[in-house]
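Please open the model in your viewer and keep the selection tool at hand. The stops below say what to select next and what is to be found there.

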Amino acid sequence: MTYFASGHGACPGCGLAIAVRNVLDALEGKCFVANSTGCLEIISSQYERSAWGVPYIHSLFENAGAVAAGIELALKALKRTDEGKVVVFAGDGATADIGIGTLSGMMDRNHDVIYICLDNEAYQNTGNQQSGLTPMGSNTTTTPAGAIMLGKTGRKKDMISIAVAHGLPYVASASVAFHADIRRKVKKAAEIEGAKYIQIHTPCVTGWGIDGKQTITSAKLAYETALYPIVEFENGELTRVRKIKERKPVEEYLKIQRRFRHLFKHPRGQEIINLIQKIADENAKKYNLDL
Amino acid sequence: MKKVVRGFYSIAHAVKLCKPNVIAAYPITPQTEIVENLAKMYSNGELEGCEYVTAESEFGAASILVGASAAGARTFTATCSQGLILMSEVLLNAAGMRLPIVLVNTNRALSAPLSIWNDHQDSMVLRDGGLIQIHVETNQEAHDMVPLAFKVAENSKVMLPFMINMDGFKLTHAYEPVDLLDQDTVDSFLPPYNPPVYMTTKNPLTFGCYAPPHCYTEFRVVMQRAMMRALDVLEETYREWAEVTGRDWGGHVVGEFLDDAELAIVSMGSLTGMVRDVVKELRKNGVKVGLLKIRTFRPFPAKQVKEALKNANKILVFERAVSFGYEGPVGIEVKSALFGLNPEFYSFAVGLGGRDVPREELMKIITDVYEGKVEQGFHFGTVKEFEEVIV
Ligand SMILES: Cc1ncc(C[n+]2csc(CCOP(=O)(O)OP(=O)(O)O)c2C)c(N)n1
Ligand code: SF4
């Protein structure tokens, strides 16, 4: 039995499937999955065609954190904790926006749950609308680039810091560009008692406007430009970062994606690119990313 | 053991005896003391095999129970009003997933205007979601219905959430003598929860799937069938309860003085006690009135309602809610159950937002209807002159 079958309906090149497969492999399938409404649920849970080889539940868009907490409590009450770990797969919208209340409750009560945010940087299931984790300048259907607006305003909500502020024993970011790193982090999280938050960068082929073959290169560029810092916190301490050898300018990341194309045409586009570069520089400084 | 206790204690004590595995709590008046009583029991080590959790919201509380129930736990929560409405997305989802979560709703009016007092508007909003719903008249009845709720909800022919409605303040805060159950009685009646399917790594199943149009209806069909089966399961379980405890609450509906009643009065919840009182007094004076108390509201016992009311040529419904833009929701159900009989029909929304319903008011409405002084249709009970101001 595969833990996540190849018959799911993701777009070719979708980052979600890569992330999910690595997480389930790392846990050797010994887990209970709670999934929020979103792309992953739609591509994998269709009646009679479930791709899941592990116990799986989808309830709503905004409650995966609480549902996972409930599973954890039930396993405790029924003395079945040896059956496996409780894992959440939730999109960035489910995590940073609508579900942040139940996630905060789960983290605050320190349930023994590994919460994985699959960050494809927008509400992709409903067709690429902006979420709290959509990066600045991104063209989404609710922040469309036009004559006076240049896509999403404001920066990505810092969910890593929000998770750390909850006093979690383990918080990390990761990227589908680095499979082994995902697996290592998940294994590590599984060994720690309490609430764990891991945010994985998972490119979306359609929403970002990239080719199916560019998933890994785009994810890698996000890391290489310092737009997606790959970091690890244990008990509030920054314990590890993935250093960047020669940091690349953000343009290299932006120019290969349709969601940023307007920035290279619009008269004020350069202004936004400069702001995005500033965010990358700040990230590099904050986490000391440059080698 | 008979003890004078308040309504919330009568619930908490019964919940404890049902040995739940997960209780999720979030406060809202007048429910709060139910979960506070349970918290105290938990903190004193009286809730063995149970995890008690304080959620970040009612939405979270209900969601926690969805996860717990799917993982095979017996689950409980209590709420009302804004809390129930905040839970609603989750509860309707639990119904679709066929999770037998039991909750007590201490009926309270909805905002706006803000009111903490009792009416039935909150539970009526959830009427169509697939929850079993019953209404109780007294704290003894509330107490007794808790083990019954678990037993019915968890019956493999049913597998649906179960909501016990009890009137906020009128019951929750009232002291009444309650014959409290003991563990042996409940154990002999309610077996441990043994779900037909649950989340386990030993047999990985998918819960809460996505259903394309070619099969969504099928899921709704089985839900409807389960609801209709619940009518029989409930009735059997009401009977079984009478055998085990000696307390016979009757079936879905309880009729009194109905055989020769010209005017039948329908009521639900704690108001019923007073209506019964008025009916008895009127009977003494030779007025041919009768009473029908509805306990089961969903599934709706249409057959029993029709049978009970078949002789009356006038029906009067008292209820604590309005279906805005139409009439009173209970009236609508009763009228539809009586299709073909065509009695004169009256319904009155009374006691909204906790407004006092004096005995004299009930008496007056009943006699006016009896004597033909009221027009048929839907009415509010006493209201002051009140002009809506639109500038
Ligand atoms: C309460 C509620 N509001 C809106 C929706 C519609 N909806 C379903 S999935 C979704 C977006 C999911 O976005 P995200 O969590 O980022 O996951 P993704 O699909 O991008 O993986 C929305 C808005 C819903 N299901 N429930
Ligand atoms: S829309 Fe994006 S996130 Fe959704 S399946 Fe396709 S590539 Fe993946």
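This is a predicted model: local features need pLDDT of at least 70, side-chain atom pairs count only at pLDDT 80 or more; totals for chains, interfaces and linings use all residues.

Begin with B:Pro299, which sits in the loop between β13 (296–298) and α10 (302–309) of chain B, where helices (H or I, at least four residues) and strands (E, at least two) are DSSP runs numbered from the N terminus. Residues are numbered from 1 along each chain as its sequence is written, chains are lettered from A and ligands numbered from 1 in the order in which they are written, and side-chain values use heavy atoms, with hydrogens and water left out.

Select B:Thr29 and B:Pro30 next: a cis peptide bond joins them, with omega about 0 degrees, and B:Pro30 belongs to the loop between β2 (22–25) and α2 (32–43) of chain B. In chain A, go to A:Glu121, in the loop between β4 (113–119) and α6 (159–165); A:Glu121 is not a glycine, yet has a positive phi of about 65 degrees. For background, most residues other than glycine have a negative phi, and most peptide bonds are trans.

Now show helix α3 (residues 64–77) of chain A together with α3(B), whose axes come within 6 Å and cross at roughly 50 degrees (axes are lines fitted to C-alpha atoms, for helices over the stretch in contact, and angles run from 0 to 180 degrees between N-to-C directions). α3(A) and α3(B) are therefore oblique to each other, given that angles under 35 degrees count as roughly parallel, over 145 as roughly antiparallel, 65 to 115 as roughly perpendicular and the rest as oblique. The contact (heavy atoms within 4.5 Å) involves, among others, A:Ala66, A:Gly70 and A:Ala74 of α3(A) and B:Gly60, B:Ile64 and B:Ala68 of α3(B). Its residues divide into nine nonpolar, four polar and no charged, where Ala, Val, Leu, Ile, Met, Phe, Trp, Tyr, Cys and Pro count as nonpolar, Asp, Glu, Lys and Arg as charged, and the others, Gly among them, as polar.

Within chain B, turn to helix α9 (residues 271–284) and helix α12 (residues 359–370), whose axes come within 10 Å and cross at roughly 55 degrees, which makes α9(B) oblique to α12(B). Residues of this contact include B:Leu271, B:Val278 and B:Glu281 of α9(B) and B:Arg359, B:Met363 and B:Ile366 of α12(B), and the contact residues divide into eight nonpolar, one polar and three charged.

Finish with the pockets. On a 1 Å grid over the protein atoms alone, a pocket is an open set of points where a 1.4 Å probe fits, with protein on both sides within 12 Å along at least five of seven lines, and lining residues have an atom within 4 Å of a point; grid points are joined across faces, edges and corners, and a volume is the space filled by probe spheres set on the points. The largest pocket holds about 850 Å³ and is lined by 33 residues, with B:Gly96, B:Met97, B:Gly208, B:Cys209 and B:Phe219 nearest its centre. The largest share of that lining, six residues, comes from α8(B). The second largest pocket has a volume of about 730 Å³, and B:Leu352, B:Gly353, B:Arg355, B:Phe380 and B:Val383 are the closest to its centre among its 25 lining residues.
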